[in-house]
Amino acid sequence: MPSYLCSNNNGAYPLAKLEVLYNDDCPICRREINHYAGLSGDDVTFVKITEQSAADWGLTEEQAAKQIHARSDGNVTVGVDAFVSVWQRLP
């Protein structure tokens, strides 16, 4: 089954769009996210941390920069769990 689909007893359905808040000032983070962005197509939106984008997630820039954050359908994951959310949407 393609990574952008989930399954349940009623068959396959698309995963909700994923947003990822990441630290573009970190060269390692930027390189990794650029790699993921090239693979993910339209399944994932990558958002650079700014004062406004962090506030939109209920975070300060400092809090947001400490770990990667991902959200889909109002559910937020942080750190390794956020990476897993991204990896599930990659081919």
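Are Lys66 and Glu62 buried or exposed? Select the two side chains and you will find that both are exposed (exposed means over 50% relative accessible area, buried under 20% and partly exposed in between, with a 1.4 Å probe and protein chains only).

**Before you set off**

This is a predicted model, in which local features need pLDDT of at least 70 and side-chain atom pairs count only at pLDDT 80 or more, while totals for chains, interfaces and linings use all residues. Residues are numbered from 1 along each chain as its sequence is written, and side-chain values use heavy atoms, with hydrogens and water left out.

**Stop 1: the whole chain**

Colour the chain by secondary structure to see 4 helices and 6 strands. Helices (H or I, at least four residues) and strands (E, at least two) are DSSP runs, numbered from the N terminus. Followed from the N terminus, the elements read β-β-β-α-β-α-α-β-β-α. The protein chain has 91 residues, and 29% of them are buried. Among its contacts between residues at least 6 apart in sequence, 56% join residues at least 24 apart; contact here means heavy atoms within 4.5 Å.

**Stop 2**

An open sheet is formed by 4 strands in the order 4-3-5-6, with mixed pairing (two strands pair if DSSP finds at least two bridges between them). Strand 4 and strand 6 (75–78) are the edge strands, each with a single partner, so one side of each has no neighbour in the sheet. From one strand to the next, the twist averages 20°.

Zoom in on strand 3 and strand 5, which pair in the antiparallel sense over 3 bridges. Pick Leu21 here: its bridge partner in strand 5 is His69.

**Stop 2: helices on the sheet**

Now bring in helix 1, which lies across strand 3 and strand 4 and runs at about 155° to strand 4. Helix 4 (residues 80–87) also packs on the sheet, where it touches strand 3, strand 5 and strand 6 and makes about 115° with the direction of strand 6. For these angles, axes are lines fitted to C-alpha atoms, for helices over the stretch in contact, and the angles run from 0 to 180 degrees between N-to-C directions.

**Stop 3: the salt bridges**

How many salt bridges does the structure hold? There are 3, where a salt bridge is a side-chain nitrogen of Lys or Arg within 4 Å of a carboxyl oxygen of Asp or Glu.

- Select Arg71 and Glu19, whose closest N and O atoms are 2.9 Å apart. This pair links distant parts of the chain, with Arg71 in strand 5 (residues 69–72) and Glu19 in strand 3 (residues 18–22), 52 residues apart. Arg71 is partly exposed at a relative accessible area of 21%, and Glu19 is partly exposed at 29%.
- Move to Lys48 and Asp24, whose side chains meet at 3.8 Å, N to O. Here too distant parts of the chain are linked: Lys48 sits in strand 4 (residues 44–48) and Asp24 in the loop between strand 3 and helix 1 (27–40), 24 residues apart. Lys48 is partly exposed, with a relative accessible area of 46%.
- Return to Lys66 and Glu62, which form a salt bridge at 3.9 Å, N to O. They are 4 residues apart in helix 3 (residues 61–66), so about one helical turn separates them.

**Stop 4: Arg30**

Select Arg30 in helix 1. Its 31% relative accessibility makes Arg30 partly exposed. Setting aside neighbours within four places in sequence, Arg30 is in contact with Tyr22, Asn23, Asp24 and Asp25.

**Stop 5: the largest pocket**

Switch to a surface view for the largest pocket, which holds about 160 Å³ of space. A pocket is an open set of points, on a 1 Å grid over the protein atoms alone, where a 1.4 Å probe fits, with protein on both sides within 12 Å along at least five of seven lines; lining residues have an atom within 4 Å of a point. Grid points are joined across faces, edges and corners, and the volume is the space filled by probe spheres set on them.

Of the 13 lining residues, select Asn23, Cys29, Gln67, Ile68 and Phe83, the closest to the pocket's centre. Helix 1, helix 3 and helix 4 each supply at least two residues of the lining.

**Last stop: Asp73**

Finish in the loop between strand 5 and strand 6, where Asp73 is placed. Asp73 has a positive phi of about 55° although it is not a glycine, and it is exposed, with a relative accessible area of 68%.
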